[in-house]
Amino acid sequence: AALITLERDFLSEGAELLDDVAMLSREITNAAVLDEMEEMGVDPGIIDAEVIVKGGDVDVTDAQKDFFNITSSVSTNHDSEKDGKKKKAGAGLQTDIMKAVKEVEAINTQITLLELDFIQDIVEILGPN
């Protein structure tokens, strides 16, 4: 009975930690994609929405805009003020990425410690035999 309770608690706590890692991984991926898109000078969704059929461009429909959450188009104005804002936004995304990576590292350490505690508890319950 003690082993079952120990395992249940271990799996419950481990699942929560893994959910946190998965969420942070999605945030890291999203921030990296947004950062790259800013460097390319496009808004999120613009790249995804371009559809090519038999060598010609197809207009993006309202349904596609809703699906891809497209609210604006690509701006061709590349004045120095706008470029400066992009660099600042990119730096902010890089900061967010590094913060999330450190959080993932901390959670992975927690997972390792949880596993070690679990193993030690099993050995303690089973005894020397």
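Read along the sequence, the chain of this predicted model follows the pattern α-α-β-β-α-α, its secondary structure comprising four helices and two strands, where helices (H or I, at least four residues) and strands (E, at least two) are DSSP runs numbered from the N terminus. Residues are numbered from 1 along each chain as its sequence is written. Local features need a pLDDT of at least 70 and side-chain atom pairs count only at pLDDT 80 or more, whereas totals for chains, interfaces and linings use all residues, and side-chain values use heavy atoms, with hydrogens and water left out.

The pLDDT, the predictor's confidence in each residue from 0 to 100, averages 77 over the chain, with 64% of the residues scoring at least 70. Confidence is highest in helix α1 (residues 2-40), at a mean of 92, and lowest in strand β1 (residues 51-53), at 48. Over residues 49-53 the pLDDT is below 50, and this stretch has 10 contacts in the model beyond near neighbours in sequence, a contact meaning heavy atoms within 4.5 Å. Where pLDDT is low, the predicted coordinates should not be read in detail.

Of the contacts in the chain with a separation of 6 or more, 75% join residues 24 or more positions apart. Buried residues (under 20% relative accessible area, with exposed over 50% and partly exposed in between; 1.4 Å probe, protein chains only) make up 19% of the 129 residues. Leu-3, which lies in helix α1, counts as partly exposed because its relative accessibility is 36%.
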